[in-house]
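Hello,

Here is the structure I promised to pass on. Please open it first, then read my notes below.

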Amino acid sequence: MSRITRLTAKIPGPDTGIEVKKSLCAICDPLTQCGLDVYLKDARIIKIEGSAEHPFNKGAICPKGAAGRQYVYHENRIKTPLRRVGPRGSGTFEPISWDEALDSIAEGCMTAKSGYGPESVIFFSGYTKYFRPYLRRLARSFGSPNYCTESSTCFMATAMAQKLVFGAPGGPDMANTDCLMVWSSNPYHTAHGRGAAIDRALDRGMKMIVVDPRRTPTTSRAHIHLRPRPGTDGALALSMANMIIEENIYDADFVANHTYGFEEYREYVRTFTPERGEELTGVPAANIRAAARMFATARRACIMPSASPVVHHTNGVQNYRAVFMLAALTGNYDVRGGNFVEPPSYLYVSGKMKTREDEFENPKPLSELAPRIGSDRFPVWMEIANGEAQSMHIPEQLRSGKPYPLKCLIGFGMNYRMWPDSEGFLKSLRNLDLIVNADIFMTDTCRRSDIVLPACTSLERSELRCHSMGYVQLSSPVIEPLYESRSDVDIIIDLAKRLCPDDPLFKQGYRATLDWILSPSGLTVDELEKSPGGMFLKNPINPPERKYESGARTPSGKIEFKSTVLEKYGERPGFESLPVYNPPKYSPDASPDMAKEYPFILNTGSRLPMFIHSRVNHLSWTRSLRANHPAADVNPEDARRLNIAQNDGLRLSTPFGSIEVRANLTEMVMKGVVHMYHGWGSADVNTLFEGDYLDPISGFPGFKSSLCKIERIVEAAA
Ligand SMILES: Nc1nc2c(c(=O)[nH]1)N[C@H]1C(S)=C(S)[C@@H](COP(=O)(O)OP(=O)(O)OC[C@H]3O[C@@H](n4cnc5c(=O)[nH]c(N)nc54)[C@H](O)[C@@H]3O)O[C@H]1N2
Ligand SMILES: Nc1nc2c(c(=O)[nH]1)N[C@H]1C(S)=C(S)[C@@H](COP(=O)(O)OP(=O)(O)OC[C@H]3O[C@@H](n4cnc5c(=O)[nH]c(N)nc54)[C@H](O)[C@@H]3O)O[C@H]1N2
Ligand SMILES: [Mo]
């Protein structure tokens, strides 16, 4: 083969000058990041492929990762640190040096600290996770309790629901189960490695129930697909429990020996017959019965939850508690093939190794710091979430200045469109003296900031990741950081040198802190760097089953059908100690008057395979996979009734606002529901939600259920 042919085919070798380096993709979260083979020529990335040897993705790659080259070299990259020169929001900046930028941020934070206390400075992380232990330590060392993240809308409420029931969350042990109940996840679009694991389990005969209002690649593989109306999951779970108790197919020994509050729970679920379940959820009673039987009679069964859909409702935590209780009822908690508990190793992942992440992140106990943002409104979050502030309360505290004023917001990958009533949130930021945002791209949030910092991508830096199969990877940069961009961790360490110069660990820099964090595992940075594609642990830790036998990590020491944490709140609405079902606040059941004018259920943010929030929708490669403009999904029958055709311009409205989008007609979405993807600047669906449309227990926004109407408009959206 000629050199030219080899060059065009991008074949590595000395004659072509093309080399392949191992890395990892960080476009999505740490539970799903894929190993990459990055092809380079003249220090430029020319191709990205999934790494065949990587045990998570085994060579596969999703459309977002495959667009990685366009992501890295996109013209909208921030090139230097920037300081605002015009009025806020005008988008006029001047380039400044790193030292100038970091010095002025430090000055702003120190002024706020001396005038109003360290709690007046918020440290915020958007969806990106790898730098979080560093950012949290920076906040704590500086003295601020106000470290918060996108977890105020993602995963934490699912973890809270599990903690309220079990004390410690357990993940589905897919490799050993006979029945998997996927309760609202679509891993074929959101975590393809997990989709492949489902396929392997189905091949060996596993049964699968999927609970999802939509039709998806996951539901198409299910033995039973339950399609509840959004936000009615609690009623569905309670009617399954009713049937399991009535038919006496629950695990009576487990319930008698290890649980608390069963008699009251049994009494409560008595009224949730499958027929009533059908009324409340729209799922035929026969299907509820069949699914309950399949789940309860399997030798081992487990529940695959999701980080978001069930908890993006005003009744989300209560609904998921009812769901997780099905694992308690059937004795499928903390056993192989059930929802098995493995403690997290690093960055939320149970990686079968010990680290000092917790100790690293918390140099000072929270009890020595001021109350976190949201303390009064979200006491359960404060008690059992993971020590973060609840960032959904930031706008309210900014407006009221109570219980104390907030002065600076130091953001890393902050996207103001993550919040409900995103424009209202943006307005509330005017009350701050200093807004900083570090991002890879010049986003709308950066444009509204005072100082903007250029972060680099995962291909330009190093990152530690572990995987649940006992695989650990410390990636090395495959190219130098472009322009003046830097790794967020280096930025944080340089800020720490200014904000908390006495911190003994930050002083030593990135490698030394990583070695410190890794020390209980026996791994070192030097050793990990020798295998940039990652390595299996020599001595993975496999915890025993049934750890609850020596006391569950709930206040009662038992698995709780009746929550002793919630019991303390007495009659406070939404805090019922039993998993009481209330429909979502804005739903045909709870607000029939509003439903007359707004007859559709608005469900937002179900993931598309080629997009991830706001982060890759500016790339032409990913955009080319879906209409090149924001579109709402409408069921074809509803569309016919309203005389709406594919790609028609639509006005999508709630009582709180409206946006213009195109119509995408699809059988995936159920009749009576309109689905809209979030993260679009030109059609921001989060402007259609009130800022305080939140679950009272978790503070999570009700993104998956509101009421809306759609009208055809002549002028199509841009
Ligand atoms: N309506 C609606 N709203 C939702 C949801 C929904 O389902 N519906 N889902 C919620 C959920 S579950 C989530 S997780 C959030 C998503 O939360 P967001 O934080 O809004 O997510 P992104 O848009 O992915 O990322 C924010 C920014 O991080 C930047 N970024 C990427 N990598 C890096 C990096 O390495 N360093 C730095 N400094 N910045 C980086 C990106 O360019 C982007 O501007 O949205 C929530 N909002
Ligand atoms: N491609 C891609 N992958 C992603 C992301 C992305 O933006 N794009 N985001 C990442 C993040 S931050 C998250 S949190 C995860 C989410 O991961 P998943 O939960 O797997 O994905 P979703 O599409 O949000 O939701 C799964 C299903 O929940 C259903 N659903 C919606 N409302 C309800 C409800 O009320 N009840 C029930 N039972 N089901 C409901 C939807 O129809 C959808 O098919 O994905 C991660 N992976
Ligand atoms: Mo999320």
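**What I found**

Threonine 216 sits in the loop between strand 10 (207-211) and helix 9 (217-220). Helices (H or I, at least four residues) and strands (E, at least two) are DSSP runs, numbered from the N terminus. This is a predicted model: local features need pLDDT of at least 70, side-chain atom pairs count only at pLDDT 80 or more, and totals for chains, interfaces and linings use all residues. Residues are numbered from 1 along each chain as its sequence is written, chains are lettered from A and ligands numbered from 1 in the order in which they are written, and side-chain values use heavy atoms, with hydrogens and water left out.

Back to threonine 216. Its relative accessible area is 5%, so threonine 216 is buried. Buried means under 20% relative accessible area, exposed over 50%, partly exposed in between (1.4 Å probe, protein chains only). The side chain of threonine 216 reaches the backbone nitrogen of threonine 218 at 3.1 Å. Threonine 604 lies in strand 22. Threonine 604 is buried too, at 2%.

**Ligand 2**

Which residues are closest to ligand 2? They are Ser185, Asp212, Asp233, Ser306 and Phe611, out of 33 that surround ligand 2. A residue counts as near if one of its heavy atoms lies within 4 Å. By class, this shell has 13 nonpolar, 14 polar and six charged residues. Ala, Val, Leu, Ile, Met, Phe, Trp, Tyr, Cys and Pro count as nonpolar, Asp, Glu, Lys and Arg as charged, and the others, Gly among them, as polar.

Now the polar contacts (pairs of N or O atoms within 3.5 Å; within protein, one must be able to donate a hydrogen and the other to accept it, and residues adjacent in sequence count only if both atoms are side-chain atoms). An N or O atom in the side chain of aspartate 233 is 2.6 Å from a nitrogen atom of ligand 2. Histidine 313 places a polar side-chain atom 2.7 Å from an oxygen atom of ligand 2. Arginine 607 uses a backbone N or O atom, 2.7 Å from an oxygen atom of ligand 2. On its own, ligand 2 has 910 Å² of accessible area, and the protein covers 98% of it. Areas come from the Shrake-Rupley method with a 1.4 Å probe; for residues, only the protein chains shown count as cover.

Where does ligand 2 lie? Domain 3 (170-340 + 552-567) and domain 4 (592-713) both give residues to its shell, so ligand 2 lies between them. Domain bounds come from an automatic or database domain assignment.

**Ligand 1**

Ligand 1 has 35 residues around it; Asp439, Asp488, Ser614, Arg615 and Asn686 come nearest. Arginine 607 has a polar side-chain atom 2.9 Å from an oxygen atom of ligand 1. For arginine 615, the distance from a polar side-chain atom to an oxygen atom of ligand 1 is 2.7 Å. Alone, ligand 1 exposes 910 Å²; the protein buries 98% of that. Its shell draws at least three residues from each of domain 2 (82-151 + 346-536) and domain 4 (592-713).

Best wishes
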